[in-house]
Amino acid sequence: MKAGLDAVTSKVEVLTEKVKADHFPTADGISYLEAKHLLLLNYCQSLVYYLLRKAKGLSIKGHPVVRSLVEIRLFLEKIRPIDKKLQYQIQKFTRVDTTAAEKIGSSDKEVDATQNMDDLLKLRPNPDMLESKTSAASEDATGVYRPPKFAPASMAEDKISREERNALRKEKQALRQARQSTYVRELMNDLEGRPEEVKEFVGTESRELTEYKEKLEDRARREEDLFTRAPLTKLEKKKMKHMKKSRNGLQGLTESFFDEIKTLPVEDDVGGQITGFENNVDGDRKFKRRKVVQDETHHKNQTAKNEKGAQAYTFWQIWQGKSQNIDGNRHYKGIKSSY
Amino acid sequence: MADKAITIRTRKFMTNRLLSRKQFVIDVLHPGKANVSKATLKEKLATMYDVKDSNAIFVFKFRTHFGGGKSTGFGLIYDSVENAKKYEPKYRLIRNGLDKKVEKSRKQMKERKNRAKKLRGVKKSKAGEAAKGGKKK
């Protein structure tokens, strides 16, 4: 090893003398690649020295080699984007070099291949190379016609027909309503042998009330989960007040058994879509804007200054004042009686 | 009222080490009464959980269920009163008697603000405003 060390030191001495004699002028700056080369070499040197010190057990604290390591690392990181930008050119050059080396000792076939590679390296858009969609498709070796693939083919395997979808929805809704109705619940309790719950209430409970209570319980469950309380809005307070008003236990009197089972699917008649069974589907929306859709005949009947005379209004329309042609556009706004 | 006993049940018990407290949901059954006072609840919880200082127990957000007889709320038991003072919001400390409510007169504050609107910068010192206030009167 000493012989190697001697050789290295002699060479280095020769080089340093040359540099001092100004044989390698850097007045015009060094090329990027040379600089990178030097930086990497320096980095490796410092690393080796660092490892040597560590291996010998000497302290590394405050030693200039650490600082130089960090500096060189920083430089390398900074020039990395430049590296990326030059990558294309460098690759081109290296590829050309390798192909040139191959050319020297190769046959004609290979020369053609390398020439093709060269053409690809030129890399300007070549419209002659474009394949037309139609020409490629129509010619097939075996003579079978295959249609050209223009658009992606959609797989309609998972499509559910309208009837099936409606049937599914009906099932879901039936299940939901069965769970809510008290008759079915009593049945289930009997079947499963659950203990009887005695809840304190006054008189018979209406369905409205049970639903309201369920909503409150659901809300309470969620609040307990999050350990917070959501404030009651004005509407909710109104509803609470409305529910708490005691009606002497007569709330549930007007409800009958039939009301509960009419919603359950007893006959399988229709495959049509399900509509809402509630009277008040939209809840508290008092003034629901209705879009008036008039078909042509109806329109004609209304707008044509009728020679027939009085039109046929229904009793309700007259009473509620909805018609406009009574007494020359006088609206009976105040008379809105609910029957 | 010794006729009907008050029953307390705790649910969702969790020891919150980050805030050095135990938190839970309280179910109170009080048939016949409107609701239970927080002081009685704190006493009961102190006996249930062996808490030395009942000042470190906080109960809040009680809601009575529909129909009466049962209420649900939240409860916290802190490891010590110092922890409670650190983590609890001011209004709850005031309710427990661990803090004082500062009575700020709203009218004075608004007058001061309006006076300060006319000045700019360092001149908004108290002395200046008090003097101006005196002048105005």
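Mentor: In this predicted model, A:Arg162 is exposed, because its relative accessible area is 58% and the cut-off for exposed is over 50%. A:Arg162 sits in helix α6 of chain A, which covers residues 162-180. A:Arg162 belongs to a positive surface patch.

Now the salt bridges. Side chains of opposite charge can pair when their charged atoms come close. Over all chains, the structure holds 16 salt bridges. One of them joins A:Arg219 to A:Glu223, at 3.5 Å from N to O. Both residues lie in helix α8 of chain A. They are four residues apart, about one turn of the helix. A:Arg219 has a relative accessible area of 18%, so it is buried. A:Glu223 is at 7%, so it counts as buried too. A:Glu223 also forms a salt bridge with A:Arg229, with the closest N and O atoms 2.7 Å apart. A:Arg229 is buried, as A:Glu223 is. A network of salt bridges links A:Arg219, A:Glu223, A:Arg229 and A:Glu236.

Next, the aromatic rings. A pair of rings is described by the distance of the centres and the angle of the planes. The count is six aromatic pairs over all chains. In one, A:Phe227 and B:Phe74 are tilted, with 4.6 Å between centres and 35 degrees between planes. This pair crosses between chains. A:Phe227 is in the loop between α8 and α9 of chain A, and B:Phe74 is in strand β4 of chain B. Both are buried. Another pair is B:Phe13 with B:Phe24: the centres are 5.7 Å apart and the planes at 5 degrees, so this pair is stacked. It links strand β1 to strand β2 of chain B, 11 residues apart. B:Phe13 is partly exposed, at 39% relative accessibility. B:Phe24 is at 0% and counts as buried. A:Phe227 and B:Phe74 also form one aromatic cluster with B:Phe60.

Last, B:Asp79. The side chains of B:Asp79 and B:Arg17 meet in a salt bridge, 3.5 Å from N to O. The pair links distant parts of the chain, 62 residues apart. B:Asp79 is in the loop between β4 and α2, and B:Arg17 is in the loop between β1 and β2. B:Asp79 is partly exposed at 40%, while B:Arg17 is exposed at 55%. B:Lys22 is in strand β2 of chain B, and is partly exposed at 26%.

Conventions. Residues are numbered from 1 along each chain as its sequence is written. Chains are lettered from A and ligands numbered from 1 in the order in which they are written. This is a predicted model: local features need pLDDT of at least 70, side-chain atom pairs count only at pLDDT 80 or more; totals for chains, interfaces and linings use all residues. Side-chain values use heavy atoms; hydrogens and water are left out. Patches are made of residues with over 30% relative accessible area and no salt bridge: like charges are joined within 9 Å, nonpolar side chains (Val, Leu, Ile, Met, Phe, Trp, Tyr) within 5 Å. Accessible areas come from the Shrake-Rupley method with a 1.4 Å probe; for residues, only the protein chains shown count as cover. A salt bridge is a side-chain nitrogen of Lys or Arg within 4 Å of a carboxyl oxygen of Asp or Glu. Lys and Arg count as positive and Asp and Glu as negative; His and the chain ends are not counted. The place of a charge is taken as NZ of Lys, CZ of Arg, CG of Asp or CD of Glu. Helices (H or I, at least four residues) and strands (E, at least two) are DSSP runs, numbered from the N terminus. Buried means under 20% relative accessible area, exposed over 50%, partly exposed in between (1.4 Å probe, protein chains only). Rings of Phe, Tyr and Trp (its six-membered ring) pair if their centres lie within 6.5 Å; planes under 30 degrees apart count as stacked, over 60 as edge-to-face and the rest as tilted.
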